[in-house]
Amino acid sequence: MHPHAGASLSRRRFLALSAAGAATGAGALSGCAMQVSTGVSGSSETVTVMVNSGDILPEQIQQAKKDLGVKIVQVRYDITKLIAMLTSGNPPDLVRGVGAVDAPFFAARDVAEELDPYFARSSVLKPDDLDPVNDLWRFDGRTQGKGPRYGMAKDFSQDSMYWYNTAAFDRGGVDYPPETEPATYEEWMDKAKRLVQRKKGQTTVFGGSYGGLTRATLLATMTASAGGSLFNDDFSRVDFTTPEARKALAWYIDYCKTKVGPSLIQPDPNGWDGPTYQAGRLAMSNSGYWLGGMIGTDKKLAEVSRLAPAPVFAGGPRISACQGGTGLWMPRGAKNKDAAWRVFEWFFGEEPAKARASGGWGIPTLKSLRPLMPAKEDYQKRVQKVQQDELKHFSVVSFTPYTRADAIDALFNQIAPAAMNGQISVDTLAGRLNSAINEQMKRGKEQVG
């Protein structure tokens with residue numbers, strides 16, 4: 001049963017939220033109980049959005065006020081502050097979220113508004129125009145990808161796809177990956193081993209990166225690519241000892257042990273792939289289509305860059321998932337839902353969405369906006385050929401509602417380095433991960449009910 005709009009969450013619901021690594025105390029609650037979304041600000045309505053810097057640009061805020069008659073007030077995204085605002089009954093009107101992992105988490109805790117009625121009457125966001133990636137924002141109480149819609153992705157990539165630098169391949173005498181047929185994970189690793197460059201024991205050029213957006217979503221996606229699921233049927237437990245999950249885990253640990261790319265035991269000094277790839281110090285980057293927005297700003301780099309399909313495990317299904325799907329959702333207790341929905345439509349279907357689509361920083365999540373994707377230059381046409389073919393292989397890889405991906409990652413980061421350094425076996429690692437993560441998920445299920 002859902003609490004009515006504006007109602008404060010019960011203590012159990014609060015614990016279910018805070019247990020995911022975002023504990024808040026009474027001081028945080030009082031400090032964050034700010035008044036938001038009064039509904040009227042002078043002659044304009046006010047909508048409060050909790051987002052990261054750059055999600056909505058200052059000029060877009062000004063344009064929204066002019067075109068919509070809505071004043072957008074931004075609050076910096078912070079999970080602790082968000083939980084405090086939710087539990088005090090005074091949430092933002094719209095909140096940034098990562099569909100692949102946040103949708104089931106917040107929907108299961110009854111804090112997200114069901115948006116199907118809004119979509120049904122929208123002339124901007126028509127259900128038959130929604131890209132299937134938006135199914136990441138659906139949850140039927142058990143399984144992600146089915147049931148009501150709780151949000152929408154602003155843009156997306158199929159995050160197991162990878163970019164490669166043909167100049168690095170030419171120097172290493174390594175054959176290019178096929179354009180529309182996927183390489184196997186084993187073939188990807190072989191190329192990375194041949195492309196890596198070292199000097200005096202230090203890696204000077206990474207052969208390839210394969211870290212995913214989070215280790216949790218990476219391993220869930222790779223397990224699906226091996227033909228299995230990282231979670232049991234009701235998503236209340238993980239099992240890294242199944243043949244499929246163990247295959248994914250063993251491959252990833254081997255990737256880390258061989259030090260062909262960035263990992264916990266060999267961090268990228270830049271912190272992420274972009275600058276490293278741009279500097280010619282990374283031969284392959286599994287960053288998906290969105291990295292093309294950065295690559296396209298450097299014509300020389302763009303000319304030698306190619307996008308390749310997501311790898312597969314031999315004998316497994318062809319899976320090309322999205323591990324992100326970042327967008328917005330509306331809290332059930334939002335005070336100004338109609339104005340918030342108008343901002344939602346504008347952000348996802350009007351000028352901001354068109355600008356994102358034409359910039360190459362992500363695939364638009366409305367099918368009608370796909371023609372805006374950059375395809376003027378020859379290198380852009382090559383990218384589009386690969387990307388448009390890959391869209392046929394998209395599928396939702398469902399995530400658990402009982403914990404957050406960053407909470408799983410925190411446990412993984414504590415336990416896995418021993419295996420990466422060869423101190424414990426993959427089987428021992430699998431058992432330790434099961435014990436630690438399942439204890440956390442058990443608490444999450446008890447709190448959700």
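Visitor: What covers the buried residues of α3?
Guide: The cover includes β2, α14 (337–349) and α15 (351–359), where contact means heavy atoms within 4.5 Å. This is a predicted model, in which local features need pLDDT of at least 70, side-chain atom pairs count only at pLDDT 80 or more, and totals for chains, interfaces and linings use all residues. Residues are numbered from 1 along each chain as its sequence is written, and side-chain values use heavy atoms, with hydrogens and water left out.

Visitor: Which residues of α3 are buried?
Guide: In α3 (residues 58–68) they are Q60, I61, A64 and L68. Buried means under 20% relative accessible area, exposed over 50% and partly exposed in between, with a 1.4 Å probe and protein chains only. Helices here are DSSP runs of H or I with at least four residues, strands are runs of E with at least two, and both are numbered from the N terminus.

Visitor: Where do those buried residues fall, seen down the axis of α3?
Guide: They fall within an arc of 105 degrees, so they line one face of the helix. The arc is that of the directions from the helix axis to the C-beta atoms. On the other side, P58, Q62 and K66 are exposed.

Visitor: And what follows α3?
Guide: G69 does, with a positive phi near 70 degrees.

Visitor: Switching to the sheet: what order do its strands have?
Guide: The order is β2-β1-β3-β13-β6, in an open sheet of five strands with mixed pairing. Two strands count as paired if DSSP finds at least two bridges between them. β2 (70–76) and β6 (151–153) are at the edges with a single partner strand each, so one side of each has no neighbour in the sheet.

Visitor: How do β1 and β2 pair?
Guide: β1 (residues 45–51) runs parallel to β2, and seven bridges join the pair. Within it, V49 is opposite Q74 of β2.

Visitor: Which helix lies across β1, β2, β3 and β13?
Guide: That is α4 (residues 79–87), running at about 135 degrees to β1. Axes are lines fitted to C-alpha atoms, for helices over the stretch in contact, and angles run from 0 to 180 degrees between N-to-C directions.

Visitor: Zooming out, how many helices and strands are there in the chain?
Guide: The chain has 19 helices and 14 strands. Its C-alpha trace spans about 65 × 50 × 40 Å along the principal axes.

Visitor: How much of the chain counts as buried?
Guide: 59% of the 449 residues do.
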